[in-house]
Amino acid sequence: MIDRGMAFIEGAYVEPANAKISVFDLGFTKSDVVYDVTSVWKGRFFRIDDHIERFMRSCAGVGMRCPYDESEIRQILGNCVHRGDVADNAYVEVALTRGAYKSYIGDFTPDLRDTHVSFIAFAIPYVWIVPPEAQDVGISIIVAKTRRIPDECVDARFKNFHWGDFTQARIEATDAGAHNAVLCTPDGYLAEGPGFNIFFVADGTLHTPKRNMLEGITRRTVVELADEIGTSVESGNYQPEALLEADEAFICSTAGGIMPVVKVDDRIFSNGKPGEISSRLRNLYWQKREAGWLGTPVEEVIAAA
Ligand code: PLP
């Protein structure tokens, strides 16, 4: 039960316990939702405009018209954080569901471009995909048997709620005693995991999948940090064997930062310890965030609108 933070639904700020939508909302009945998640650390939003831009691209990508513009969304997110008293650290989500049909009676195929979309935002205490203590010693993942939904069916660049594949992969991971799972495309190439992108290090170069995945903001941040430490990055089509034969690996997400992986299936990396490059990037990420890098103070976000 989430008892801290603040949500914004149907134009009003409400406590998390009262943040509810209709059972007739197509977001609920058809997972017809696009969303984005940014975070706040020590009073500052991270890359808030990049997240809002991506959110607007997701809305357009699935043919939904957001009722608020970028500056209004900024203000709403700032207010959720401020009113929810979570400015120290927060997980901040914005979502748009297809909403409810305008007319339903006797007609199950009304115009989907003409629904009452429902705009939702909330700020709750920061969420970690894997707790920091587990990240300190490195995490374990599996390569899931469940395949990632192909982009030809649901475009992963538009951040969405089609999590059926991710959910099954997470169940596989739990059954295998691992923290999480990475999924491959139906044609067998590494894609991404439930809420994260993946990197591996081979011969001193970082590698990351280049298609069928969300273009993560943390992934982009990793590329910038890698440049700072003089490590080259390549994106490509990689089979899971490339990951299994790598020197190190890590996953990355708004929800947890850069998380070193020490085990993939039965393969153990760097004697079971987080790799050198992964650890450097992880430390740099948090040091820079603590120092306010690419951050916008919550008060500034609220005042700017
Ligand atoms: N891939 C998926 C499917 C995600 O849901 C997420 C984030 O939640 C990511 C990757 C990582 O993206 P970001 O770094 O922007 O949080």
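**Reading the model, feature by feature**

Guide: Let us begin with one position in this predicted model. Asp85 is placed in the loop between α3 and β5.

Visitor: Is Asp85 buried or exposed?

Guide: The label follows from relative accessible area, and a residue over 50% counts as exposed. Asp85 has 60%, so this residue is exposed.

Visitor: How far is Asp85 from Arg4, in sequence and in space?

Guide: Separation along the chain and separation in space are to be read as two values. Asp85 and Arg4 are 81 residues apart in sequence, while their C-alpha atoms are 7.8 Å apart in space.

Visitor: What is the residue separation between Gly164 and Met64, and what is the distance in space?

Guide: Gly164 and Met64 are 100 residues apart in sequence, and the C-alpha to C-alpha distance is 22 Å. Gly164 belongs to helix α5, which covers residues 164-175. With a relative accessibility of 49%, Gly164 is classed as partly exposed, because that class lies between 20% and 50%.

Visitor: Let us turn to the whole chain. How many helices and strands does the protein chain have?

Guide: There are nine helices and 16 strands in the protein chain. The C-alpha trace spans about 60 × 45 × 30 Å along its principal axes.

Visitor: What share of the residues is buried, and what share of the contacts is between residues 24 or more positions apart?

Guide: Of the 305 residues in the protein chain, 52% are buried. Among contacts with a separation of 6 or more, 71% are between residues 24 or more positions apart.

Visitor: How is the surface to be read?

Guide: One may look at area and at charge. The accessible surface of the protein chain is about 14,100 Å², and carbon and sulfur atoms account for 50% of this area. The chain carries 31 positive and 44 negative side chains, with the centres of the two sets 0 Å apart.

Visitor: Which residues of the largest nonpolar core touch the most other members?

Guide: A nonpolar core is a set of buried residues joined through side-chain atoms within 4.5 Å. In the largest one, with 26 residues, Phe45, Phe55, Ile73, Leu77 and Phe119 touch the most other members. At least two residues of this core come from each of β3 (33-41), α2 (48-61), α3 (70-83), β5 (89-101), β6 (115-125) and α9 (298-304). Another core lies apart from this one; it has 20 residues, including Ile198, Leu243, Ile251 and Phe269.

Visitor: What does Phe119 touch?

Guide: Leaving out residues up to four places away in sequence, Phe119 touches a list of residues that includes Phe8, Phe55, Tyr68, Ile73, Val94 and Leu96.

Visitor: Which strands hold Ser253 and Gly257?

Guide: Ser253 lies in strand β13, residues 248-253, and Gly257 lies in strand β14. Under 20% relative accessible area a residue counts as buried. Ser253 has 8% and is therefore buried; Gly257, at 0%, is buried as well.

Visitor: What are the contacts of these two residues?

Guide: Neighbours within four places in sequence are set aside. Ser253 is in contact with Ile129, Gly195, Phe196, Thr218 and Met259. Gly257 touches Tyr126, Thr218, Ile251, Cys252, Tyr285 and Trp286. For Ser253 and Arg4, 249 residues apart along the chain, the separation is 22 Å.

Definitions and conventions
Residues are numbered from 1 along each chain as its sequence is written. This is a predicted model: local features need pLDDT of at least 70, side-chain atom pairs count only at pLDDT 80 or more; totals for chains, interfaces and linings use all residues. Side-chain values use heavy atoms; hydrogens and water are left out. Buried means under 20% relative accessible area, exposed over 50%, partly exposed in between (1.4 Å probe, protein chains only). Helices (H or I, at least four residues) and strands (E, at least two) are DSSP runs, numbered from the N terminus. Contact means heavy atoms within 4.5 Å. Accessible areas come from the Shrake-Rupley method with a 1.4 Å probe; for residues, only the protein chains shown count as cover. Lys and Arg count as positive and Asp and Glu as negative; His and the chain ends are not counted. The place of a charge is taken as NZ of Lys, CZ of Arg, CG of Asp or CD of Glu.
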